[in-house]
Amino acid sequence: MSAKPSTKPTLLSRIVWRLLLWLYRGKGYRLENHPPKLDKFILVGAPHTSNWDFIYFAGAVQDVGISPRFIGKHTLFKWPMTRFMYDMGGMPINRSSPRGYVNAVVDQVKAADRIALVIAPEGSRTSDGRWRSGFYHIASGAGVPIVPAWVDEDTGRAGFGEAIMPSGDFHADLARIAAFYRSVLPDCPRFEVLAEQAKGEVATPARPVEPDMLAPGQDSPPDAG
């Protein structure tokens with residue numbers, strides 16, 4: 001298991017984080033509330049419709065004092081990018097791990113004292129609204145709650161929901177998540193589809209146990225193949 005270096009963040013990573021925070025504030029988002037105070041949780045973000053989503057989440061979590069983590073291919077953490085990737089919150093995962101992809105992520109979540117692992121469960125900006133189930137398998141395996149986060153691109157409003165502890169019933173918990181999103185964004189058609197998925201009326205997408213990192217310019221994560 002790879003451990004995050006305990007050295008001071010590089011100048012480049014500090015500049016990038018400040019730039020992301022500046023862009024977030026310049027965009028004029030209004031964060032309506034703070035996330036629950038938890039040491040460890042999976043932060044799911046939706047709807048993922050724009051490259052600005054990454055700016056929002058990167059800026060919002062800094063504003064509320066969270067150091068986000070994201071999943072990336074272990075090959076991205078090689079020199080000369082090693083320090084930068086760790087400093088930006090990267091979590092190297094080897095998809096060919098003998099323990100399996102999800103178990104490799106679960107191991108790292110369990111080993112962390114504090115972690116907010118950011119996942120975009122829709123998988124791409126062109127999603128029809130259905131979620132992959134990787135985020136749920138990770139939360140269940142690590143025994144940590146799921147915190148939903150949302151953003152309304154039209155109004156600039158954004159916020160967080162209450163923590164949801166996985167019960168072991170994916171569809172029942174997905175229904176709770178869908179109900180939350182529909183309460184804050186009732187006119188978003190994606191969340192109507194999510195509610196249908198929770199009822200089993202539409203199928204969960206293929207590769208159900210591969211989580212996706214929230215990153216700009218990506219219709220599929222670098223670790224999905």
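Modeller: From the N terminus on, the elements run α-β-β-α-β-α-β-α-β-α-β-β-α-α. That comes to 7 helices and 7 strands. Both kinds of element are DSSP runs numbered from the N terminus: helices are H or I with at least four residues, strands are E with at least two. This is a predicted model, so local features need pLDDT of at least 70, side-chain atom pairs count only at pLDDT 80 or more, and totals for chains, interfaces and linings use all residues. Residues are numbered from 1 along each chain as its sequence is written, and side-chain values use heavy atoms, with hydrogens and water left out.

First, the overall numbers. Of the 225 residues, 51% count as buried. Buried means under 20% relative accessible area, exposed means over 50%, and partly exposed lies in between (1.4 Å probe, protein chains only). The accessible surface comes to about 10600 Å², and carbon and sulfur atoms hold 53% of it. These areas come from the Shrake-Rupley method with a 1.4 Å probe; for residues, only the protein chains shown count as cover. A contact means heavy atoms within 4.5 Å. Of the contacts with a separation of 6 or more, 72% join residues 24 or more positions apart.

Now the helix: H5, residues 134-142. Its buried residues are Gly134, Phe135, Tyr136, Ile138, Ala139 and Ala142. An α-helix has 3.6 residues a turn, so residues three or four places apart point the same way. What do the buried residues of H5 pack against? They meet strands S2 and S3, helix H4 (101-111), strand S5 (115-119), strand S6 (146-152) and helix H6 (170-184). After H5 comes Gly143, with a positive phi near 70°. Most residues other than glycine have a negative phi, and most peptide bonds are trans.

H4 is one of those partners. Tyr101, Val102, Ala104, Val105, Val106, Gln108 and Val109 are its buried residues. Their cover includes S2, S3, strand S4 (90-93), S5 and H5.

S2 and S3 turn up in both lists. The loops that follow them hold cis prolines. Pro47 sits in the loop between S2 (40-46) and helix H2 (52-63). The bond from Ala46 to Pro47 is cis, with omega near -5°. Pro80 sits in the loop between S3 (68-73) and helix H3 (82-87). The bond from Trp79 to Pro80 is cis too, with omega near 10°.

Phe77 lies in that loop between S3 and H3. Phe77 is buried, at 7% relative accessible area. Leaving out residues up to four places away in sequence, Phe77 touches Gly72, Thr82, Met85, Tyr86, Gly90, Met91 and Pro92. Met91 is 14 residues from Phe77 in sequence and 8.9 Å away, C-alpha to C-alpha.

Last, the charges. Side chains of opposite charge can pair when their charged atoms come close. A salt bridge here is a side-chain nitrogen of Lys or Arg within 4 Å of a carboxyl oxygen of Asp or Glu. The count comes to 7. In one of them, Arg25 meets Asp63 at 2.9 Å, N to O. Arg25 belongs to helix H1 (residues 11-27) and Asp63 to H2, so the pair ties together parts that are 38 residues apart in sequence. Arg25 is exposed, at 53% relative accessibility. Asp63 is partly exposed, at 36%. Asp63 also touches Leu21 and Tyr24.

Asp128 pairs with Arg130, with 3.0 Å between the closest N and O atoms. Both are partly exposed: Asp128 has a relative accessible area of 42%, and Arg130 has 24%. Arg157 and Asp152 form another salt bridge, at 3.9 Å, N to O. Is Asp152 buried or exposed? Asp152 is buried, at 13% relative accessibility, while Arg157 is partly exposed, at 22%. Glu32 joins Asp152 and Arg157 in a network of salt bridges.

Asp187, Glu192, Glu196 and Glu201 form a negative surface patch. Patches take residues with over 30% relative accessible area and no salt bridge; like charges are joined within 9 Å, and nonpolar side chains (Val, Leu, Ile, Met, Phe, Trp, Tyr) within 5 Å. Lys and Arg count as positive, Asp and Glu as negative; His and the chain ends are not counted. Each charge is placed at NZ of Lys, CZ of Arg, CG of Asp or CD of Glu. Glu192 lies in helix H7 (residues 189-198) and is partly exposed, at 38%.
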